[in-house]
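Dear colleague,

I am handing over the structure below, and my notes on its aromatic contacts follow. Please read them alongside the coordinates.

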Amino acid sequence: MTILAPAAPSAASADDALGTSAARTRSAVLERQILEDPGRFRVLTGDRPTGRLHLGHYFGTLHNRVRLQDLGVELFVVVADYQVLTDRDVADSLPEHVEELVLDHLAIGVDPERSTMFTHSAVPALNQLLLPFLSLVSVAELNRNPTVKDEIAHSRQSAVSGLMFTYPVHQAADILFCKANLVPVGQDQLPHLEITRTVARRFNDRYGSGSAVFPEPDALLSEAPLLLGTDGTKMSKSRGNSIALAAGADETARLIRGAKTDSERHIAYDPAGRPEVSSLLLLAALCQGRTPEEVADDIGSAGAAALKRTVTESVNEYLAPIRSRRAEYAQDRAYVRRILREGNERARAVADATLAEVRAAMNSRY
């Protein structure tokens, strides 16, 4: 859907429309509270198993999950297999993609003893929450969700499915089934989380009898760096322009050699004027723990070939221990499946207890 307007909004007004400014302020407070008392927080996050996770995922969200876990925050990671169907007709290669996603999480340091990884389809009580939750939001509220509009615009389906339309409410069930009170998100996901907060508030008001059944979860706004794909557009599994965490050193070198740059020989960090070069500099800087400007100064006028060599060496050195752990875990697929099975059991127990509480609040125990 295209909406015509007299003029494009400023960045500041766009931020205000999404609530980004308030979310940034609140996130700074939350970060301090996490350091003071991590045990008071429970995080829900996750991914759709549609292909191998890549460097954009890693620096955008995955490493933050491990950070929160290691600080002592309780972490739930949903492998959102049902939500694969939101924008495609069938879920291709699902068992393989699910296992690969679990492998990626184990390799980066998610600890199954401290965190819970589970799949949508294995937790029936979670999905049963979708029905009462849908009664708490209007069609108009779903229809004006900007994130849903964007997802519909980029959908692979010729027609919008009901699952796509109700996606934010399904996400609310993901978050509230375990009573997560903290959700790490990018600013584009703030409207989804606001639906979750609305569902929680309305359920409590309608059925809570003076007590809150659900928390209203806070957004922990990520300042995730935007990494472009090798073709200069957004890094994406579906676009085939990403560098997977599971890629070997030679494959990584080949992909980086083919990355789009520009014709200027002097290497400088200029995200607005030279986005492709700047994205490569940012990737090297993230791997080296330095600033993109420092990396650019080292390369100077040596050109794109030197830039790509620097990026390749930085990425391969950074990913070496992750690849090593992944290879070890991949040798024991039975262990990977056991981790998921045990996570599913823990998630089912939590979801069953929450659904029982919901039924009691709604007077629907017979």
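Does Tyr318 count as buried, exposed or partly exposed? At 26% relative accessibility, Tyr318 counts as partly exposed, where buried means under 20% relative accessible area, exposed over 50% and partly exposed in between, with a 1.4 Å probe and protein chains only.

This is a predicted model, in which local features need pLDDT of at least 70 and side-chain atom pairs count only at pLDDT 80 or more, while totals for chains, interfaces and linings use all residues. Residues are numbered from 1 along each chain as its sequence is written, and side-chain values use heavy atoms, with hydrogens and water left out.

Searching the whole structure gives eleven aromatic pairs (rings of Phe, Tyr and Trp, the last by its six-membered ring, with centres within 6.5 Å; planes under 30 degrees apart are stacked, over 60 edge-to-face, the rest tilted). One of them joins Phe59 and Tyr318, whose ring centres are 5.6 Å apart with planes at 45 degrees, so this pair is tilted. Because Phe59 belongs to helix α3 (residues 55–71) and Tyr318 to helix α15 (residues 304–330), the pair ties together parts that are 259 residues apart in sequence; helices here are DSSP runs of H or I with at least four residues, and strands are E runs of at least two, numbered from the N terminus. Phe59, at 5% relative accessibility, counts as buried.

Phe76 and Phe177 form an edge-to-face pair, 6.0 Å centre to centre with 85 degrees between the planes. Phe76 counts as buried at 2% relative accessibility, as does Phe177 at 0%.

Finally, ring pairs link Phe133, Phe203, Tyr207 and Phe214 into a cluster.

Best regards
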